[in-house]
Amino acid sequence: MKKYDVVVVGAGNAGLSAALHLILNGKKPLLIEQHNLPGGCASGFRRGRFEIEPSLHELCDVGPLDNPGEVRNLLEGYGVNNIEWVRCPDCFRVISKYSDGSPMDVVMPEGIEEFKQAMEKYVPGCRAKMDELFELFDEILAGIGYISASNGHADSAVLKEKYPNLLRTGAYPTKKVFDAMKIPQKAQDILSTYWAYLGVDMEHLSFIHYAAMVHKYVSRGAYIPTHTSHEISLKMLERYRELGGESWFNCRAEKFLFDGDRICGVETNMGTIECDYVLANINSDIVYGKMVPADLVPDRLKKLSTARKQNHSARMFTAYFCCDVPYQELGITHYNTFLMGTADSKKEYDNMNGGYDTNEYGIFLCYNVANPKASPEGTCICSLTTMGVPADWDDLPMDQYVPFKEKTVQKLLDIVKEKMGVDLTGHIEECVTASPWTFARYLGTPEGSVYGHEVNEWDGMMPRLMMLSTDYPVKGVRPMGADGPRGDGYSAAYICGQLMAKLALKDLAEGGNN
């Protein structure tokens, strides 16, 4: 086999992004993928006459043509500019209870000014605090951009001068920052709705990561591709091949090979591939625990893995419902509805991790509200996602697997009927479920944890970005993706892939050391 500059392992979001950046910068990469299709989570599947989106709820930081976000700019920079985007209406609807126990049914619009006005309507007197909060968001986002551009070598003097509040808030969870700013509790309850998109409650969720995500959703809106997220993956792969990129599918990486302490190849089920560098779209615990020789893994990484072991984030359970009537007939009014027992995120997180009996959380989507082309005329597709926990699934006997899935689906349907007044029963033409075991099987992630490790206060975006120059000590190997420095989510994964490709180019130019 011929030798490659870089082997990119995994054709998920980060892998596709990294491969495109490398080939556009003159390198000869090989993209390998164990599945027969690209995308990972960004895929699609069919049941009957329906094409179903497996994971994407909404993509932030795309932005309109006149106000493009980082993801739109990234894709257009790659030459991937033929995706048919649909803008999602509103930021979210949330049905829950405020922390004081009073009922909560809130719809938050996109657009910074509109969002602030809605906050003032629901929580009179909070407008000044919202102005202050969004000013802080602006500074945080600018500071993150500076750190990312520095490739792990940010100048502390620049940070102190231009982004002092980034440093002040960088080590704190979101709840502490909100309390320090004296944001009213009901306003905090509304603002905390997005916590589940990162899988960490507000008392532990890194404020930096929260700020970056919310600012992007509110300022530029959210988008989905017309033809599921697989449209993005296929068009990224098509562009990579147009540029002369080589890709192998049904090719599973089994271990990384070293000449001394430097990477020299990848052993796969299709043979050994020689290379000078590897970018692995694989959970870091698997990379360092199974694919790299133990004597090359320094104690620091072993300690980090041990510290993170209990912090695998968000094991998803999703039910997909393809219904034989339009969404209007079902009484569905919004694209994205968060259903929570309480707006107190810590209580909700604890209830979720308590297992089936205490978990009442769900995110309900109806794709047709945003995209009329999501399903055949006269039908609609909905999904309902909650988060599973190891207590429910790890020791579940195989003969109880299907009955427990069915029991969980029924509970979710009951929650939708009770809280939204929407009864899907009797109109479900196709129903598919994906448990944490499903995600573990298709993605190869520990315990089906699609988000990698939790982006909490000590292991959030800020410390990960600041450690770019020290957290990758195995020469020529860099894990990336949801478990990378930008954390979880589609947008973060695309950006992480590009960032890691930039660092690989730098390492290769300096002789392969990192």
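Guide: Here are some labels, with the grounds for each.

Guide: This is a predicted model, in which local features need pLDDT of at least 70 and side-chain atom pairs count only at pLDDT 80 or more, while totals for chains, interfaces and linings use all residues. Residues are numbered from 1 along each chain as its sequence is written, and side-chain values use heavy atoms, with hydrogens and water left out.

Visitor: Why is N359 called buried?

Guide: Buried means under 20% relative accessible area, exposed over 50%, and partly exposed in between (1.4 Å probe, protein chains only). N359 has a relative accessible area of 11%, so N359 counts as buried.

Visitor: Which residues is N359 in contact with, leaving aside neighbours within four places in sequence?

Guide: Contact means heavy atoms within 4.5 Å. On that basis N359 touches N351, M352, T386, M387 and K411.

Visitor: How do you know that the buried residues of helix 18 line one face?

Guide: The buried residues of helix 18 (residues 436-443) are P436, T438 and F439. Looking down the axis, they fall within an arc of 155°, so they line one face of the helix. The arc is taken from the directions from the helix axis to the C-beta atoms. Those buried residues pack against strand 14 (315-323), strand 17 (380-388), helix 16 (390-393), helix 17 (398-420) and strand 18 (428-434).

Visitor: What is found at the two ends of helix 18?

Guide: At the start, a side-chain oxygen of S435 reaches to within 3.1 Å of the backbone nitrogen of W437. After the helix comes G444, with a positive phi near 70°.

Visitor: What makes strand 11 and strand 12 a pair?

Guide: Two strands pair if DSSP finds at least two bridges between them. Six bridges join strand 11 (residues 253-259) to strand 12 (residues 262-268), so they pair, and they run antiparallel. L257 stands opposite G265 in strand 12. The two strands form a hairpin with two residues between them, and G260 in the turn has a positive phi of about 70°.

Visitor: Why are strand 8 and strand 18 called edge strands?

Guide: The open sheet has seven strands in the order 8-7-15-16-17-14-18, with mixed pairing. Strand 8 (103-108) and strand 18 each pair on one side only, and that puts them at the edges. Strand 18 is joined to strand 14 by six bridges, and those two run antiparallel.

Technical notes
Helices (H or I, at least four residues) and strands (E, at least two) are DSSP runs, numbered from the N terminus. A polar contact is a pair of N or O atoms within 3.5 Å; within protein, one must be able to donate a hydrogen and the other to accept it, and residues adjacent in sequence count only if both atoms are side-chain atoms.
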